[in-house]
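Here's a quick tour for anyone meeting this protein model for the first time. Take a look at it below, then read on.

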Amino acid sequence: MKLIKVSAAIAVFCLQAVATNAQTVINIVNPDEILKSDSIDETLFTAQYEMTSVTDTSRRDKTSTEMMMLKTGVRSSVFYSYTKYLADSVIEADRAGGASIDVIAEHVKQYQSRINYKIYKNYPAGKVTTLEQLAMSRFRCEEKNDVPQWELLPDTATILSYSCRKAVCRFKGRDYEAWFTPDIPRSEGPWKLHGLPGLILKAQDARKEYVFECVGLVQEKPGNAISFGASGHEPVSRKNLNQLFERYAADPVGYISSSAPNVKVHIRNEAGESIRPKNMPYNPIELSE
């Protein structure tokens, strides 16, 4: 296992092995930002999806799996990792119990996720807002809420006991097929997929590099909020954000050193030798047309 050491007051590093490459993930806990979130909607139901992705296209047999949550409200929705969902639940419980910011921050450190983004559809109205974290930086990317141009097909299937219909589209550089259920008449789905006359329970791109499958649905009790907090997030365009991720994948240590000069990064292999990983596998879900 490769080891990593970081000198920073509020940084928490995690290192994962991906084939022969090191994937570096940083999660920052800033106590001043934890409580700075507002309720923007009330959750009607929550859908849990198993997301399977191919990180390295040269090794398609190696996939990564992450549990994701879709909280759907009256006007908007948020899609993010189950780990962060648990962290949010702990924060809410701590807040209700009057815990201090330091205690809340300590609890949050226990929840480290490979997926850092939160995708808010129709917030603000007509927009998609992505809150993303890359190394020591946090970004807010606001885009038009594009609706995929779906073609409905006659195929049917049963998922989670729901009768589903099939639809296909071209969206964000990939060809998708999706299965939606009219029994849940909400035009929602995982990631940025939506626009069908029912909830999308399964979706995948043609190359099966990104697969979303619903594994559970819960109708929420009144008062379960969808919260939004973007304090400390730098506004950025989608084009520039994609470029930052490409730069990070090409040289993660160099990116961290240039964006956060006060942070010292040391990565060592099993023999204790210093290494500098470069050209990490990078297969983003959004591709250029």
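What volume does the second largest pocket have? It comes to about 250 Å³.

## Ground rules

This is a predicted model, where local features need pLDDT of at least 70, side-chain atom pairs count only at pLDDT 80 or more, and totals for chains, interfaces and linings use all residues. Residues are numbered from 1 along each chain as its sequence is written, and side-chain values use heavy atoms, leaving out hydrogens and water.

## The pocket

A pocket here is an open set of points on a 1 Å grid over the protein atoms alone, where a 1.4 Å probe fits and protein lies on both sides within 12 Å along at least five of seven lines; lining residues have an atom within 4 Å of a point. The volume is the space filled by probe spheres set on the points, which are joined across faces, edges and corners.

Among the residues lining the second largest pocket are Arg-238, Lys-239, Tyr-282 and Glu-286.

## Two helices meeting

Helices are DSSP runs of H or I with at least four residues, and strands are runs of E with at least two, both numbered from the N terminus. The axes of α4 (residues 238-250) and α5 (residues 252-259) come within 5 Å and cross at roughly 120°. Axes are lines fitted to C-alpha atoms, for helices over the stretch in contact, with angles from 0 to 180 degrees between N-to-C directions.

## A loop residue

Ser-231 sits in the loop between β15 (225-228) and β16 (234-235). Ser-231 and Phe-139 are 92 residues apart in sequence, yet 9.8 Å apart in space, C-alpha to C-alpha. Ser-231 is partly exposed, at 29% relative accessible area (buried is under 20%, exposed over 50%, partly exposed in between, with a 1.4 Å probe and protein chains only).
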